[in-house]
Amino acid sequence: MIESNPQNKHKMNFKLTFLLIFVYQISIAQVFVEATNNSFIEWPNASIAFADVDGDDDQDILILGYLSTQTMGKIYLNDGLGNYTLGPQPPFPGKFFSTIDLADIDGDNDLDVLFTGTLPGVGAETNLYVNNGNGIFTELTTNFINVTSGDAAFADVDGDNDQDVLITGKNDANECHTKLYLNDGTGTFEEVVNGPFISNCSSAVEFADIDGDLDLDVLITGTGDLVSQANLYQNDGGIFTLMMQDDISSVTNSNISFFDVDQDGDQDLITTGIQGSEVFTKLYLNDGSGSFSEDVNSDFVNSNGRGHAIGDIDGDADLDIIITGQTSLQQPTTRSTNLYLNNGNGIFSDVVDNPFVETNGKVLMADVDGDADLDVLVAGYDGTTGVTRLYINETVVNTTQPFINDRLEFSIHPNPMMSGNSINVEAYSNYNKKFTILIYDVLGRIVENIETTLLIGDNQFSIDGSKLEKGNYFVQFKYDDQILIKKLLTH
C-alpha cells in the first residue's frame, strides 16, 4: 500500500545501481543451463526445500529422502552464486513419505525446520529442529502427533505475530489426523482441541487469505474416511469454519498452491493430484470473496501430485507455472516436466523443448545466484534412477525501438532496512504515467502488487513494508516493456 505520493518541486540527484535496467522496448527469451558443478544426493522420493539456513542471505538447499536402506537428511550451502557444497551433517535422519516445512518459530530471525515422514525401523515421526542462526540445528521436544504420508504448513492463524502449525497425515495405526497447534511466541506449541478440521492423510495443506479479510484461511486436500476430499476452512481471528466448496474437486496425493493468476487482487488456486483412477491438474478462479470456479479454458498437463511450482520465471511481472509428475496411473512410465508462461491475464502457453528433466517428483523455484531471476530445482525419479537437477536462469535481452523521450529513475532507502518498516521511494519521470510496482521474494512469491501514477518530475512516496520479514526482496517498477529492478535487503 502506498502511503503518500506528493510531487516535489526540485530536481533530485542520486546515484542508481540496478540489478537489471531495461531502458528499451525488449523481448526476453529465457535460457536455462544445468548447473553440473553441484554434487547433490539423488533419491527417487526426496523432499526438497530452499532456505537461508546460515544467515548469509542466499538460498541453501535441504534434501530429505531414502534409497533402499539408506535414509538421511542433507544441507547444501550456497556461496551466493549458486554453487553448492555439502554442509555439516545435520542431526535429522532421513525419512520417506516426508515433508519439509520452515519458519522462524521462536522469533530469533532464523529459519527452523519441521519434518514429517516414516523412519525405517521406527515408524511415523514428526520432528522440530531449532536453528542457532548459523545452520546448526537442535531437536526440540514437542507434543506434535507423529505422522507420515501427509503435509504440514506454518502460518500465523491467530494474528499474534508468531508461526502456528497445522499437521496432517496418518499414524502407525493407519489412522488419519489433522491437528492445529498454536505457538506462544517462543516455539512452544499447544494443540487446539475440538477444532473443525476433518482428518486427512495423503494430504496437502495451503494457507492464504482467500476472502480479503486479512487473515489466513486454509485448504486441506487428501483422503479422509477412505474418500478423497478438498476442504476449505474460513478463518475469523483464529476460529475456523468449514466452507461449502462444491466447485473444488476432491483430490488426494496432491499439491495445491494459491496465487493471483489473473492479477485481479485475489488468490486463485491450482491443484494437481489423483481422483479415483485418474490424475488431473485444475485451475480455479476466485471471485474475491473466497468462492472458486474452475477455469475450463486452462490446458495444463495432468499430473499425479506433488510437483508444481509458481513464480515469475520470465520477469514480466506475472506468475508462471512449472508442473512435473506422472501423467497417467495406467501408464506409470509416462512423466513430464512442463513450463507454462502467463500472459498476465491468466492465459498460459506451454514452452516447448524446455530443458528440465522429466520426473515423478518435486520442483522448486528460487533465485540462487542473486541476479534477480528465478532458477529451478527438480528432484525425483526419472524412470531409471533418482535425480536432483539445478537449472540456472540466464536471460538473453534483445533491444529494439528505444524510448527516445521516456526517462525513469528510482531509488529506495534505507537499504538495508529493518523488516516491517516502510519503504521510501524516490522516483523521477518525464511523463505522467501509471506504473506497476511489484515486491517479490527470492522464491518468486509476490508480497506486494501496487499500481500508482508517477507525475512529471520528482516523486517521493512510501510503501507499506509490514509484510516484509527478514531476507532478500526485489522491488520492480514496470511500465509497458520497461522494467527496473532494485534489490532490497531487510534485517
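Guide: A salt bridge here is a side-chain nitrogen of Lys or Arg within 4 Å of a carboxyl oxygen of Asp or Glu. The model is a predicted one, and by this rule the count comes to 5 salt bridges.

One of them joins Lys95 and Glu125, with the closest N and O atoms 3.3 Å apart. This pair links distant parts of the chain: Lys95 is in the loop between strand 8 (84–86) and strand 9 (96–103), while Glu125 is in strand 11 (residues 123–131), 30 residues apart. Both Lys95 and Glu125 are buried.

Another salt bridge is formed by the side chains of Glu191 and Lys179, at 3.2 Å from N to O. Glu191 belongs to strand 16 (residues 189–191) and Lys179 to strand 15 (residues 176–183), so this pair ties together parts 12 residues apart in sequence. Glu191 counts as partly exposed because its relative accessibility is 27%; Lys179, with a relative accessible area of 22%, is also partly exposed.

Lys282 and Glu294 form a further salt bridge, their closest N and O atoms being 4.0 Å apart. Here Lys282 lies in strand 23 (residues 278–286) and Glu294 in strand 24 (residues 292–294), 12 residues apart, and the pair links distant parts of the chain. Lys282 has 19% relative accessibility and therefore counts as buried, since the cut-off for buried is under 20%. Glu294 is partly exposed, at a relative accessible area of 37%.

Finally, a network of salt bridges links Glu34, Glu42 and Arg389.

How values were computed
Residues numbered from 1 in each chain as written. Predicted model: local features only at pLDDT ≥ 70, side-chain atom pairs only at ≥ 80, totals over all residues. Heavy atoms only, no water. Helix = DSSP H or I, 4+ residues; strand = E, 2+ residues; numbered from the N terminus. Buried < 20%, exposed > 50% of the residue type's maximum accessible area, 1.4 Å probe, protein only.
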